[in-house]
Amino acid sequence: MNLVVRQFRDFFVSLKLTVTLLVLSMVLIFAATLDQVNLGIWAVQEKYFRAFFVLWRVGDIPVPVFPGGYFIGGLLLINLVSAHVYRFTLAWRKAGIFLTHVGLITLLIGELLTGLWQEEFSMRLTEGDAKNYSESYRGNELAFVDKSNAEFDEVVAIPEALLARGETVQHPKLPFRVVTKTYYPNSTLRMRAPAPAGAAGVAAEPASPATSGIGPRVSATPLPLTYNQNERNLPAAFVELIGPEGSLGTWLVSTGLPTPQRIDHGGRTWTIALRFERAYKPFALTLLKFRHDRYAGTEIPKNFSSRIKLATPDGRDDREVLIYMNNPLRYAGLTFYQASFEPGNDKVTILQVVRNPSWLLPYIACTLMTLGLLVQFGIHLKGFVGKRRAPNLSAPSAGSAFQPPPSG
Amino acid sequence: MKKLLPLLALLGAIGFVIKALLPPRNPGAFDVAGFGRLPVLANGRIKPLDTVARSSLLQLQGRQRVSTPDVSEPLVASPTEWLLEVCFRPEKADTFPTFAIDNPDLLTLLGKNEENLKIAYTSSAKKVLSVVGFLPSRHRRFSLQELTPYVNTIQEQARLADPVEPVLRNAFQRAVLQLFANLLHYQRLRHALVMPGRTDFLGDLLQLQDNLATGVAAVRAKQAGQPHDEAAVTAITEIGQRFVVMAESTSFLVIPPESTTADPTAWKPAGAALLETFQNGRVNASALAYAGFAHAWRNDKAEQFNHLIGLFRTGLAKRFAPELAKSDAEARFNAAEPFYTSMTLYAIAFLLAVFSWLTWPEALGKSAFWLVAVAWLLSTVGIATRMWLEGRPPVTNLYSSALFIGWGAVLLCLVLEYIYRNAVGSVAAGAIGFATLLIAHHLSLTGDTLEMMRAVLDSNFWLGTHVVVVTTGYAATFLAGFLALIYILRGLFTTSLDKATADALTRMVYGIVCFATLFSFTGTVLGGIWADQSWGRFWGWDPKENGALLIVIWNAIILHSRWGGLIKQRGLMGLAVGGNIVTSWSWFGTNMLGVGLHSYGFTDAAFWALIIFVASQLAIIGLAAVPLARWRSFRASGIGRTAEPAMAR
């Protein structure tokens, strides 16, 4: 065999590589844990685990400083698979190690797929209200809802990313272009003081860029992005709508504004709102009853549960379900979990909605690995006990009962 | 003598345990212990007043004994007696130094300086001891009376510190908030049973009972604008206001629900029950009983006090017999302090086992084994009692995890010692048992350790599987690390590590690392499944999850390094000691970050302890790296060199 090829092979099947990668993964995980204090859990996952390299910004240039989760995980996968292919022998005493490693491969693939496919949304239900959509935890969208037809609403939603890039959006369903003039990823809104009628000496606020809707009466101030897990960024944008005959006006939109604003144009009516990104479902959930039990004489929550009606428009499903802690509802590829509640309002439940097509993989992986470890260490233990029971007890230290089998 | 020693040790240990388990006796004529057994509902759980007293004292001042440094006799004989004074004779209890304050800035704010903090010992022996550091030289506990002039200052500073996020608070802010919370807690205790400041609350209540009809009529007449007896209105309004103050100033639900109430958890504060007098037309019997206790206590009528307790219990037993039995058991458990007894036994066992390496290996080794066995049995009983009281699997919070880690590690040690009989298991058991119970003691200072589980954690199945298994993994990793520590220290500094012992230790460490890998992996995975069941994600990179994962990876690194021949005997030991660092990070370090779903036990003082521990383990790993030629054991016999190639493979 070619020397280079052999060196290459030896590198990828070596236990040294395994150990090195394991050490690197520990450093990565430890650094990521510490950085959670600054970045919060979501940003950390993107920066450390769902990346090939951990990047540090020096000025504006991202410099790779450490291998990321994909890099280490990928190499570990290659290392594992090639070591097993290279050293594979069918023997009982290797069954444990084999099972463990197949399980580990499944686990790594499962985590990769989860990273790629998993979507998490939240669903806030008020008692009695039906809802057929869930809302994103982080994403937002600029939604135009055509109210002209009494039968149904027609929704055009523009992802936040397009606003952030300041692109001009022309949608076939909209008779106007959408031009983002200013975009703040996080902001705070404040009602402007009523214009002081001729009051001299008071420094007047600069006029709002907005000309229509509530915009002229509200001022938006940009804020730094928050990474706090309990807070949400509230983006704001000034968008100008330009029809064939010229500008319709400039609107201030923000997820901080409670209600959509109205646009009348060419005999039709839309509402415009920057809102949490929605994922519509082919069914509706209605909260029948939310329960929030506390331990007697305390505010310590004892139990949350939501009794919910699940109904599809075609009437094939129309039933009651009970969602509570550690007992989610799995339906239509989605899983609904009892996630939270609103303090002081026992008529509202907050569900977490997760789509993860690969959710079964970790279960399979873990069963394999636990079995594998049990078999492996069982073999060791049997050997150890067998040696001790053997007649030559006079020399207990001579044996190598706990000597590990050849590495795999 | 040598032959009898193990038997004597066993008998001595058993005698020591029995003495500790004997029921507490009342020091005076009052049935203080009986009062301590009375059940109340606090923090969501029915518990005896004795527990309230003990956990209050731990929270306020970090110990259960109430005393001043310059007087050797304690001020009260038991925590329950302290509670009696707080509730019934506050003017006396307010002079007890029960508020611990350590923060220098806060002390300055309270008008303390070097001079007035200095403890003036009267005996010259004590003076010497305080200079050497065996006795405290500065006051750190203060009475309510001393703090009263500064209450407004404390309140103002607490108001400023409160909005700051807990993770971002500095030492002063934490200290002032703690002191404020302690003052509030003390207020709640004072208002729990009777109205503080009334010399004869029982008289007040009896008078109210007699004049209730006329009083209520007078108030109605006044409201209707008709002629009325103004004195009667004033009297009844005054006492009503007192009840409101009582009801609003406490969180202890001391009055059991009446037999007409269906809900057995509908316990009430005394003030609230008394306010119902105006609707029911009669004073609540339980509230009256507590006023009776107060009367008897204040007027030194022991017989009346004890008689009333008997009557009150008989009344309670009709509806709350099981709760009463549990309360009694818990009070007994509190008084027995099984974990303190275990701790002492572990310490003695450790010393005996270490000495057995120097002399009398057989006799001392066996004695140590028996002491460990008795201590372990006692802590088993203790943990089982806690489980029964709580109705939960063994590990529910940081405190119980410390108990369980010690329990699990000592059990493994007993197995090892049974197999190898070389006292290594007993040394490890003694040290780990003692250390974990010491850690548990420090963790108990935050108050009642039998807490209610928050909704997410309220799942006995997952607490029983994930938490127990992962904690066993912690215990095993610590044990492997500790055995490695014995190997390094004995090998490097003594000549006692012969080849047989060295090889035995290697097999022990290797075996325990295998065990730890299995348990920490399975436990981590079970945690993932729990997370998938409750939050819809198998893995969330939460600090505590990461911590558990680090332990698994570290154990995997040890095993793979051994299999790949990257490390030999000494390297195995060094890495196993590293396991101590990784595990201590996962156990405590992650909680100090203050983020994530698992950050249930933020502890401040533990931070430095952790740093020191990690530093010490790093130093020992450094020692393991000393060239073999300098190891005293191996230099003497040369076994190290012959042993090494055997392990290299």
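Predicted model: local features only at pLDDT ≥ 70, side-chain atom pairs only at ≥ 80, totals over all residues.
Helix 18 of chain B and helix 21 of chain B are roughly antiparallel to each other. The angle between the two helices is about 150°, and their axes are 8 Å apart. The cut-off for calling a pair roughly antiparallel is an angle over 145 degrees, so an angle of about 150° qualifies. As for handedness, helix 18 of chain B passes helix 21 of chain B in a left-handed crossing.

Which residues make that contact? On helix 18 of chain B they are B:Phe339, B:Ser342, B:Met343, B:Tyr346, B:Ala347, B:Ala349, B:Phe350, B:Ala353 and B:Val354. On the side of helix 21 of chain B they include B:Val427, B:Gly430, B:Phe434, B:Leu437 and B:Leu438. By class, the contact of helix 18 of chain B with helix 21 of chain B has 15 nonpolar residues, four polar and no charged. For orientation in the viewer, helix 21 of chain B covers residues 424–443.

Helix 18 of chain B, residues 338–356, also packs against helix 19 of chain B, residues 361–390. Here the axes come within 8 Å and cross at roughly 160°. That angle makes helix 18 of chain B roughly antiparallel to helix 19 of chain B. The crossing of helix 18 of chain B with helix 19 of chain B is left-handed. The contact residues of this pair split into 18 nonpolar, seven polar and no charged.

Next, the strands of chain A. How many strands are in the open sheet with the order 6-7-10-11? There are four, and the pairing is antiparallel. Strand 6 (168–170) and strand 11 (246–254) of chain A each have a single partner strand, so each is an edge with one side lacking a neighbour in the sheet. On average, neighbouring strands here are turned by 25° against each other, direction ignored. At one end of that order, strand 10 of chain A, residues 236–243, pairs with strand 11 of chain A in the antiparallel sense over eight bridges. One bridge to look for joins A:Leu241 to A:Gly249, the latter in strand 11 of chain A.

In one, strand 1 of chain A (residues 53–58) and strand 2 of chain A (residues 61–67) are antiparallel, with six bridges. A:Val54 has A:Phe66 in strand 2 of chain A as its bridge partner. Two residues lie between these strands, and A:Gly59 in this hairpin takes a positive phi near 65°.

The other hairpin is formed by strand 17 of chain A and strand 18 of chain A. Strand 17 of chain A, residues 334–342, runs antiparallel to strand 18 of chain A, and seven bridges join them. A:Gln338 stands opposite A:Leu351 in strand 18 of chain A. This hairpin has two residues between the strands, and A:Gly344 has a positive phi near 80°. Strand 18 of chain A (residues 345–355) also pairs with strand 3 of chain A (residues 119–126), antiparallel, over eight bridges. In that pairing, A:Glu119 stands opposite A:Arg355 in strand 18 of chain A.

Now the interface between the chains. On the chain B side 56 residues are in contact with 49 residues of chain A. Which helix supplies the largest share of the side of chain B that touches chain A? That is helix 23 of chain B, with 19 residues. Helix 23 (499–535) and helix 24 (543–563) of chain B each give at least two residues to that side.

Last, confidence. The model scores ipTM 0.82 and pTM 0.83. Chain A has a mean pLDDT of 83, with 92% of its residues at 70 or more. Residues 391–408 of chain A fall below 50, and that stretch has 24 contacts in the model beyond near neighbours in sequence. Chain B has a mean pLDDT of 87, and 95% of its residues reach 70 or more.

Conventions. Residues numbered from 1 in each chain as written. Chains lettered and ligands numbered in written order. Pairing = 2+ DSSP bridges. Axes fitted to C-alpha atoms, helices over the stretch in contact; angles between N-to-C directions. Parallel < 35°, antiparallel > 145°, perpendicular 65-115°, else oblique. Left-handed = near helix turned anticlockwise from the far one by under 90°. Nonpolar A, V, L, I, M, F, W, Y, C, P; charged D, E, K, R; others polar. pLDDT = per-residue confidence, 0-100. Contact = placed C-beta atoms within 7 Å.
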